[in-house]
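Here is a short briefing on a ligand site and its surroundings. Look at the structure first, then read on.

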Amino acid sequence: MPFAQIAGIGSYLPERRLTNAELEQMVDTSDEWITTRTGIKERRVAAEGESTSDLAAKAGLAAIADAGLAPADIGMVVLATSSPDLAMPSTACGAIAKMGVACPAFDVMAACTGFVYALQVATDAIAAGRARHVLVVGAEAMTRYIDFTDRATCVLFGDGAGAVVFSAADAPGVRCIRLGADGSGADLLTSGFGAANPPSAEACARGDGYLKMAGKEVYKFAVRVVPEITEQVVADCGMTLDDVRWLVPHQANERITQACAERLGVRDERVVSTIAGMGNTSAATIPLTLDGLYTAGNLAAGDEIVVVGFGAGLTWGAAVIRWTKEAC
Ligand code: COA
């Protein structure tokens, strides 16, 4: 039975930077509040006309090139997003058209945990022999779903995409995965129009499609679930946290990351933080952060990485991945 290893990785951040100073001019907030409460200094914003599938295609092509492959080699595309181009068709289909890839392609919706869910799908597809090379993308144009008059949410989110090519191999790269969901928390974080929230003229005028969040409840959920699943997935692999080179948590708030690292007893230098420069990029966060580690030359063959996500749904997921590529 083939295993899934990381063969290539890439990312894309839109050029436009939205700083805390600019947000001070838009809503009643301050750089001081945003920095101390969240750790965020700036976030990226997709250009006018640039959609989630555009960001996905740029990151995807970078990952395919890094793997030394051509678009035609990709046998499946799994795209995780909370900010789809449209409700239908899938953002994955938009992305493959832009990449020149022709294969089964679909979206996975698990909010900020989406990349970890998509990782499970890719690993299973490779193990089942359905594809030799699976492209997993996390792509978000979150700012399109944000009300820029709502200071409670508009300071938090940003746009971007990260992508990873997983290829069939004789030894495991993706080693253990844990996923979870609890639908009783579905109302805590919502966004977009759909069958339960149809886009009537009145609903649009009321701003019903914008992202809404019960921040404190989500915060408490995150600091409980992240340490729990991190410990579980590491134990599943027969390891301890001392064996883990890098902890790559979803980046929603620097205080959440710090609290989780503290509970786990993992030293700061092994906990990756990218939130200052990009805010919360939902499903794109984990692959963007992984690519940042790779391009900075901080990943060496044999490194054990734990990625851990949490988000709307509520959903959560963690995976242990052995880095099998050479350093960048
Ligand atoms: N600027 C200034 N003040 C702000 C503000 C902003 N951007 N946003 C909220 N405030 C105010 C609130 O109105 C409140 O004022 P009040 O005390 O007069 O009512 C005060 O700051 C405290 O608000 P509170 O919501 O208690 O702040 P907090 O410390 O909980 O931080 C979050 C808010 C959203 C940063 C925090 O709850 C959080 O990060 N939650 C998790 C979010 C998350 O993970 N989301 C994504 C999941 S993937």
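A polar contact here is a pair of N or O atoms within 3.5 Å. The model is predicted. The chain is assigned two domains, domain 1 (3-171) and domain 2 (175-322). Each of these domains gives at least three residues to the shell around the ligand.

**Ligand contacts**

- R151 places a backbone N or O atom 2.9 Å from a nitrogen atom of the ligand.
- R255 uses its side chain: a polar atom there lies 3.1 Å from an oxygen atom of the ligand.
- On its own, the ligand has 960 Å² of accessible area, and the protein covers 74% of that.

**The shell around the ligand**

- There are 24 residues around the ligand.
- T29, R37, R151, K216 and N253 come nearest.
- By class, the shell holds 12 nonpolar, 7 polar and 5 charged residues.
- Helix α8 (215-236) supplies at least two shell residues. Its share, 4 residues, is the largest.
- At least two residues each also come from α2 (31-38), α6 (151-154), α9 (254-264) and β12 (304-311).

**Domain packing**

- The C-alpha centres of domain 1 and domain 2 are 14 Å apart.
- Across the boundary, 48 residues of domain 1 are in contact with 41 residues of domain 2.
- The size of an interface is often given as the accessible area lost when the parts come together.
- For domain 1 and domain 2, the buried area is about 3,400 Å². Carbon and sulfur atoms give 67% of that area.

**Backbone geometry to check by eye**

- Which peptide bond has omega near 0°? The bond from M88 to P89 does, and it is cis. P89 sits in the loop between β4 (76-80) and α4 (91-99).
- G313 and L314 are also joined by a cis peptide bond, with omega about -5°. L314 belongs to the loop between β12 and β13 (315-322).
- A111 is not a glycine, yet its phi is positive, at about 50°. A111 is found in the loop between β5 (105-108) and α5 (114-127).

Methods: Residues numbered from 1 in each chain as written. Predicted model: local features only at pLDDT ≥ 70, side-chain atom pairs only at ≥ 80, totals over all residues. Heavy atoms only, no water. Near = heavy atom within 4 Å. Polar contact = N/O pair within 3.5 Å; in protein donor to acceptor, adjacent residues only side chain to side chain. Areas by Shrake-Rupley, 256 points an atom, 1.4 Å probe, with all protein chains shown as cover. Nonpolar A, V, L, I, M, F, W, Y, C, P; charged D, E, K, R; others polar. Domains from an automatic or database assignment. Contact = heavy atoms within 4.5 Å. Buried area = accessible area lost by both parts, 1.4 Å probe.
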